[in-house]
Amino acid sequence: MAVHVDFSAITAGATWQNVQCEKCKKHYHYPLVREAKASVRAAYGIRQGAAEERAAKTAQYKLMKLLEQGVEIVPCPSCGWVQQDMIREARRRTARWLIYLAALCFIAGLALAMYPLGELLSVTDPEVTPAEKTRAIVGLLIGTGAAVALLIVRRMLQSTVNPNSHYPKPPEPIPGMPAGIPGKAPRELLGRTTATDVSRRVGVDGGLLP
Ligand SMILES: [Zn+2]
């Protein structure tokens, strides 16, 4: 009976992000909050201490990267300008579901193409009919074509994202985004605050113990 122990670490942290406006050159800052997860398995339940530590360390490292590179879409409180990296971020967040849909189409096409191949491998006297061949090729073409089309649609949607289109009128408020605070972030608060929590789960033969 194989027993394993999974350690899942979740860590959250916050920091100030300092910005200098590209337009009016004034400084402002906003709070950046991020969360990171990591999971490490101690196979057969051995070296649990190391696995627990590695889960925590990995999550903390991921969080550090997220806080370092994190961008929110926060217009300048003085003039309303949204900075270039924020526009990039807004575009990155646009219609992300289309990526998953495109991947799904591609996989479906691939599956259709693989079907006659599977038949060749599994049947003792394999014979792929021309109809099956056509279906495989058409399936692959449609799947790939749909995937490419969806990604192009996403590109088009992304290119319409421009929070500065009404500048100098302030942009529409973006739900869930923090407000910019004029000036540089206070020094004593620039340090990062983080908290990590590691949970332990015991499993047997792929299943979980009650
Ligand atoms: Zn500004």
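## Position of E52

E52 sits in helix α1, residues 48-69. Helices here are DSSP runs of H or I with at least four residues, strands are runs of E with at least two, and both are numbered from the N terminus. The model is predicted: local features need pLDDT of at least 70, side-chain atom pairs count only at pLDDT 80 or more, and totals for chains, interfaces and linings use all residues. Residues are numbered from 1 along each chain as its sequence is written.

E52 is partly exposed, because 19 other C-beta atoms lie within 10 Å. A residue counts as buried at 20 or more such atoms, exposed at 12 or fewer, and partly exposed in between, with C-beta atoms placed from the backbone.

Leaving out residues up to four places away in sequence, E52 touches F7 and V198. Contact means C-beta atoms, placed from the backbone, within 7 Å.

The buried residues of α1 are A51, A55, A59 and L63. They cover an arc of only 105° around the axis, so they lie on the same side of α1. The arc is taken from the directions from the helix axis to the C-beta atoms. Their cover includes β1 (3-20), β2 (27-42) and β4 (193-204).

The face turned away from the buried side carries the exposed residues G49, A50, K65, E68 and Q69.

## Domains

An automatic or database assignment sets the domain bounds. Domain 1 is 1-92 + 164-210, and domain 2 is 95-160. Their centres, taken over C-alpha atoms, are 35 Å apart.

Note on methods
Contact = placed C-beta atoms within 7 Å.
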